[in-house]
Amino acid sequence: MAGVVSCWSFLGFGYLILFLCINPYGCVGSNNKVQVSLYYESLCPYCANFIVNHLVKLFQNGLISTVDLRLVPWGNASPNPDGSISCQHGVDECLLNTIEACTITVYPDVNRHFRFIHCVERLSLQNRHNEWQNCFQISGLGTVPIDCYNIGYGNVIEHRYGNETAMLKPAHRFVPWVIVNNKPIQEDYINFMAYICKAYKETSKPEACNSVSYESNINELNDQKVDSIPQVCYEGESRSFTSLGLAHKIPK
C-alpha cells in the first residue's frame, strides 16, 4: 500500500509540474542560462543521430552548465479522436515516445534522463530498439517509467507535449526541431552549439565556445542557398516501418 501511495504522490507532483509548464518553450528559468528545446520523435533516424552524435556533446564539453535543455518526445505524431496517438514511425515509436516522456517526468534532472534517452536512441540507430528496457540498468535508473506507461499517465504527458508542439510559432515543419531562446534554428540544427554560444550573454564565454566557429555559420541559411538535402523527418511524410510489437513485451 505504501508503494501505491508513493506512486500516486509522484503522479500528483507530476501533474503540478505539467500544468505549471504549459509555455510552448518550457518553464522560464530565473537564471541566465540559454533555453534550448528539442522537439523530436524516438524512431526518426535523424533525431536519433542528432541526440547520439551531436546533442551529447553538451554533456561532454561542459556546455550543459550554461543551458536549460528540454526534450519533447512527440515530433510528428497526431492525436486521434478516441484519445490514442498515431506516430510517424508506427506503434513502436508511440511506445518509446511515451516511455521517454515518462522518464523525463520521473527523473527531471536532465543529466539523468538524457542518459536513458541517449541509450534508447543509440539502440534505435543500431536497429536494436527492441532492447530499450536494458537502458534503465545501463543509465542507472529505476523502471518507474514503465509503471507510468502502464497506468496511462504517459499518454497524458504525451498529449501535453502534443499540445505544446501544436502551439509552436512558427509551426514546426520537421524533426529534429531545435529552438534556442525561443528562436527555431530550423535546418541549421547541427550548428546548435554555435547558436548557444552566440545567445550566452555573460561576459565570460564558456571554454567550450572557444572551439565553436559561429560567426560564419549563424546566418548561413539566410545568406546562401543550402544545396544539401536536409536530414530531417518532415511532418506529414509517410514512413515505412516494421513493428516489433514492443508494447506486448512490457511487464505489467
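**Before you start**

The model is predicted: local features need pLDDT of at least 70, side-chain atom pairs count only at pLDDT 80 or more, and totals for chains, interfaces and linings use all residues. Residues are numbered from 1 along each chain as its sequence is written, and side-chain values use heavy atoms, with hydrogens and water left out.

**Stop 1: the disulfides**

Select the cysteines. A disulfide is a covalent bond between the sulfur atoms of two cysteines. Here the criterion is a pair of cysteine sulfur atoms within 2.5 Å.

Select Cys44 and Cys233. Cys44 sits in the loop between strand S1 (34–40) and helix H2 (45–55), and Cys233 in strand S8 (residues 233–234), so the pair ties together parts that are 189 residues apart in sequence. Helices (H or I, at least four residues) and strands (E, at least two) are DSSP runs, numbered from the N terminus.

Are these two cysteines buried or exposed? Cys44 counts as buried at 0% relative accessibility. Cys233 is also buried, at 0%. Buried means under 20% relative accessible area, exposed over 50%, and partly exposed in between (1.4 Å probe, protein chains only).

Cys47 is buried, with a relative accessible area of 1%.

Next, select Cys102 and Cys148. The S-S torsion is about -70 degrees, so the link is left-handed. Cys102 belongs to helix H4 (residues 91–106) and Cys148 to helix H7 (residues 144–150), so the bond ties together parts 46 residues apart in sequence. Both Cys102 and Cys148 are buried.

Now select Cys197 and Cys209. With -90 degrees about the S-S bond, the link is left-handed. Cys197 lies in helix H9 (residues 192–199), and Cys209 in the loop between H9 and helix H10 (220–223), 12 residues apart. Cys197 is buried at 0% relative accessibility. Cys209 is buried too, with a relative accessible area of 6%.

**Stop 2: backbone exceptions**

Turn to the backbone. Most residues other than glycine have a negative phi, and most peptide bonds are trans.

Pro170 lies in the loop between helix H8 (153–166) and strand S5 (174–175).

Move on to Val175 and Pro176. Pro176 is in the loop between S5 and strand S6 (177–180).

Select Asn127. Asn127 is in the loop between helix H5 (110–125) and helix H6 (134–139). Its relative accessible area is 61%, so Asn127 is exposed.

Finish at Asn182. Asn182 is in the loop between S6 and strand S7 (183–184). At 45% relative accessibility, Asn182 counts as partly exposed.
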